[in-house]
Amino acid sequence: MTTTSANPVISEVGRSYLRLQRVPDVGPIRARNLVSHFGSIDGIWSASMAELQHVEGIGPCVAESIFRSRDDKGVDEEIAKAVECELRILCPEDAEYPKPLLHIPDSPICLYVRGTLQPADSVAVAIVGTRRCSHYGREQALRFGEALARAGFTIVSGLARGIDGEAHRGALRAKGRTIAVLGNGLGSIYPREHEELAEEIAASGAIVSELEVDISPDFKNFPPRNRIIAGLSLGVIVVEAGEKSGALITARLATEYNREVFAVPGNVDRPAQTAGSNAMIRDGQAKLITCLEDVLDELGEVGKTLRPDASPRPADAPLFATANLAQHERSILEAVSSGIEEVEGICTTTRLDAGSVTSTLTALQLRGLIRQLPGNRFVCRTPAQSELRADPNPKR
């Protein structure tokens, strides 16, 4: 049996891809090379050993493994497990296979799905971070998950403890869509305490994995899982990540895939949770964000389309008056407001040293008065400019 009451568990072409996925030492890149070389998945299975070895990255041993897998009986057994768990198995030629994944070089050969995937899920943002997060981190993951879902984004994360779980909950609280990408087979949920959350996610989105149904959680599977999180998303938001956090792997992959990378500033007194994410902001590897508007500003036409029509700033956006700015803060804000975008120009205009300017720019970003553009450039927010001009007697 390869059907459920709603949809086939796997398409006929999907069976051929599943057979290829089960071949030892054939991963996503070799699979793509094979399909590209022979023109179709079926062309692989009709090729001779010699023809297989002409494909880039396929040597004698791998060619022999492929050749011997033509009649893999385990394919039917795997499909039967998917039927039992009410899963679907998608391949790149299926209409429901996520289109964003087709544009990364190591897209999954097959994707197991519980729940539903929709075309609108292409407008997605990932939220990731440490499992051992602070109360502040939980709040920010929940806040951004909810705000982005209300704006129309699908929230993608990894169902892990801490930041991931709160991001999913934020999307669910907004009655939006969310996708959880697991580092184990969908025959079980990890961590166990998120089983109920997983059911909610499957009911209003999807749980996905590239791993076979019975594969247990294993540390080595999480970095490959992270590439799927990045690949599904227009951008990745890092909320609290230590120096060796897996969230940093997701952010690096997002950069490689030409996705946007954002980071929420964290408490410097908690380096175990925030050293990695704060360093990304410091080094220009991630854009500092404090509100929904910051994300929308960086997502081009998608951001413009999903921006609320109302003229007031979003409810979650911090609105800071400029009346209590110190003299050096006001000088820098005035310089940015006049159109000076680069740190060197701001230093020349204000006669302040680079260290003071850089630290003050970060403080002004945190207060919601300026935002950073690519190339380490800065611009003033329109509300901040208006407040600045409207305040003739600033506190010095």
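Ile89 stands opposite Tyr112 in S2. The model shown here is predicted; local features need pLDDT of at least 70, side-chain atom pairs count only at pLDDT 80 or more, and totals for chains, interfaces and linings use all residues. Residues are numbered from 1 along each chain as its sequence is written, and side-chain values use heavy atoms, with hydrogens and water left out.

**View 1. The whole sheet, strand by strand.** Strands (E, at least two residues) and helices (H or I, at least four) are DSSP runs, numbered from the N terminus. Two strands pair if DSSP finds at least two bridges between them. Strands of a sheet pair through backbone hydrogen bonds, either parallel or antiparallel.

View 2. S9 (residues 287-288) pairs with S8 in the parallel sense over two bridges.

**View 3. Strand S6 and its two partners.** S6 spans residues 205-209, and five of its five residues are buried. Buried means under 20% relative accessible area, exposed over 50%, and partly exposed in between (1.4 Å probe, protein chains only). S2 (residues 111-115) pairs with S6 in the antiparallel sense over four bridges. Here Gly115 has Ala206 as its bridge partner in S6. S5 (residues 178-181) runs parallel to S6, again with four bridges. Val181 has Val208 of S6 as its bridge partner. From S5, the chain passes through helix H9 (residues 195-203) to S6 in a right-handed β-α-β crossover. Right-handed means that, with the strands pointing away from the viewer, the path from the first strand over the helix to the second runs clockwise.

**View 4. Glu199 on helix H9.** Glu199 is found in helix H9. Is Glu199 buried or partly exposed? Glu199 is partly exposed, with a relative accessible area of 48%. Glu199 and Gly115 are 84 residues apart in sequence. In space, their C-alpha atoms are 9.0 Å apart.

View 5. S8 covers residues 260-264. The strand is mostly covered, with four of its five residues buried. S7 (residues 235-239) runs parallel to S8, and five bridges join them. In this pair, Ile237 stands opposite Phe262 of S8. Towards S9, Ala263 stands opposite Leu288. Helix H11 (residues 246-256) forms a right-handed β-α-β unit with S7 and S8.

**View 6. Cysteines without a disulfide.** How many disulfides does the structure hold? The count is zero. A disulfide is a pair of cysteine sulfur atoms within 2.5 Å. Cys91 is in no disulfide; its nearest cysteine sulfur, that of Cys110, is 6.3 Å away. Cys91 counts as buried, at 0% relative accessibility. Cys291 is buried too, with a relative accessible area of 0%.
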